[in-house]
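Visitor: I would like to learn how to read salt bridges in a model. Can you walk me through some?

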Amino acid sequence: VAGAVHAALDRAHVALGEQLWEMGQRKEALEQWEQLPKLVKPSHQGWYRHAEILADHSNMDRSLGDAALESLAKALASKPNEPAYLRLEAMLEEARNRPDRALQIWEKVRGLARDPTQELLRAEARTRIVELIAGPGLPNRAQKRAAAVTDAETALAKGPSPEALEAGLFLAELYSREENYTAAVQMYTKLRDLFPSDPDRLMELAVAQRRAGLIDEAMRTYEQLLPLDPAREIDVLVALTEISHDLDRPEEARQAAIRALERGTNGVRALLRLGELSERRGDTEQALWCYETVLEVEPDHARTRMQLADLQLKTGEIEAATKNFRDLLDGGGPADLMREAGARALDLAEVTDSIDELLDIAVKRTKREPNADEPRDFLLATLDRADLEQVEIWLRADGSAHDDNRVAAMRRPLVAALSRGSINNRMSAAEHLGQLRLPDTAVHLARTGAHLQPPRDATHAVRQRFMAARVAATRAAGELDDPESIPVMAEMVGD
């Protein structure tokens with residue numbers, strides 16, 4: 001129980017410190033974080049946590065890097081061989097432009113991170129060592145490079161072992177960093193021969209061969225890898241698709257992509273990639289075939305439908321592009337993709353004079369995802385481009401009076417937009433509610449006019465936008481002439 005309490009206090013102090021830091025209260029934030037060594041047990045973990053947070057903020061204040069090293073030294077005093085602590089020390093030394101000291105620490109990290117669970121940490125240390133040795137600024141660089149290469153070659157000469165594998169990976173990465181791709185291929189080939197049952201070695205060799213321009217050799221290596229590593233099958237087939245396309249072998253590229261598709265839904269990546277490459281080369285026919293084939297198998301694959309619609313738009317297939325953009329909006333997908341699709345659909349709707357059709361899609365999307373921002377934003381953007389008469393026709397649903405269900409469906413997201421999202425959207429929602437004169441909205445508008453306030457640290461321009469939004473909401477509430485809004489309006493006058 002005590003441990004859980006300390007952990008909760010730890011998180012609370014970190015979170016409060018972050019809030020204070022963002023508000024510009026740096027001294028108070030540091031005071032919160034200084035509590036961590038007292039709260040986190042064992043204490044060396046508390047000192048490490050303190051150092052880690054200071055390091056994360058040292059780009060704003062360089063003195064925090066020195067303070068982080070002081071706290072880290074206390075953690076290392078208790079745990080001098082903890083790889084995670086040493087990693088942070090190496091990063092801080094690099095930030096202080098002390099590459100020689102950083103190199104020593106990274107080498108220690110690499111030597112200590114031997115457990116299989118520390119593979120990523122070991123790989124990071126290897127990469128940083130390569131970068132320091134191959135890059136500028138390291139004192140006695142040539143001498144240190146020669147010593148590192150000699151040590152690695154000695155380990156390799158002793159035959160297969162974890163040390164030999166690490167040494168070979170280091171040399172291959174060093175040669176690649178120095179753009180000596182032939183030497184890198186030779187080293188990966190040696191590792192493949194030393195560890196013939198390890199599919200990772202084949203994958204590394206294929207990538208190196210491809211980088212060195214040995215395309216046919218890379219294809220053969222990928223083909224050897226296929227039956228050995230089912231988990232990588234899709235990745236290999238994607239690579240074979242790309243290589244076949246680069247060699248201008250369209251039929252082989254198609255076959256590799258189809259083989260990937262036959263392996264399951266994840267295999268659509270190969271066809272999607274082939275479509276992108278074909279489109280880049282100007283082979284519109286193959287690109288369209290790729291995208292359409294993906295959608296036959298995965299009709300809800302939003303990214304592919306977006307790319308197909310974009311390509312149709314470029315080739316002048318306006319009707320087909322319009323349908324795909326609207327199908328995409330109707331089906332849903334990631335918010336960023338929906339924003340792109342929505343913008344293009346609106347542009348096409350203006351060109352084809354069919355904003356009213358998009359209005360129906362926009363309202364349905366807000367009903368389906370009532371708590372999501374993007375559908376509300378799209379509805380507001382649609383209303384911005386629609387004529388008031390078009391909206392009135394939609395609200396009447398072909399009748400002479402407003403349809404209650406449609407009024408409720410329109411009112412709900414617009415009222416929600418008054419209190420969520422950007423200030424521009426809040427202002428837009430207020431203006432549209434005022435124009436449409438929807439029932440049961442005056443009180444919401446009045447409250448917005450009475451209580452909407454900018455952030456304390458807002459700029460003058462932002463404050464002006466908030467004031468404009470308050471005015472728009474208040475005016476809209478007043479024009480609705482709803483008695484229920486009078487108390488709120490009176491409260492505003494009293495203030």
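Guide: Start with R263, which is partly exposed at 40% relative accessibility (buried is under 20% relative accessible area, exposed over 50%, partly exposed in between; 1.4 Å probe, protein chains only). This is a predicted model, where local features need pLDDT of at least 70, side-chain atom pairs count only at pLDDT 80 or more, and totals for chains, interfaces and linings use all residues. Residues are numbered from 1 along each chain as its sequence is written, and side-chain values use heavy atoms, with hydrogens and water left out.

Visitor: Which residue meets R263 in a salt bridge?

Guide: The general idea comes first. Side chains of opposite charge can pair when their charged atoms come close. The cut-off is a side-chain nitrogen of Lys or Arg within 4 Å of a carboxyl oxygen of Asp or Glu. Here the partner of R263 is E233, at 2.7 Å, N to O. E233 lies in helix α14 (residues 233-246) and R263 in the loop between α15 and α16, so the pair ties together parts 30 residues apart in sequence. Helices are DSSP runs of H or I, at least four residues, numbered from the N terminus.

Visitor: Is E233 buried or exposed?

Guide: E233 counts as buried, at 18% relative accessibility.

Visitor: What does E223 pair with?

Guide: E223 bridges to R259, with the closest N and O atoms 3.9 Å apart. E223 sits in helix α13 and R259 in helix α15, so this pair joins parts 36 residues apart in sequence. E223 is partly exposed at 37%, and R259 is partly exposed at 28%.

Visitor: How many salt bridges does the structure hold?

Guide: It holds 41. R110, R122, R126, E166 and E173 are linked in a network of them.

Terms used: Helix = DSSP H or I, 4+ residues; strand = E, 2+ residues; numbered from the N terminus.
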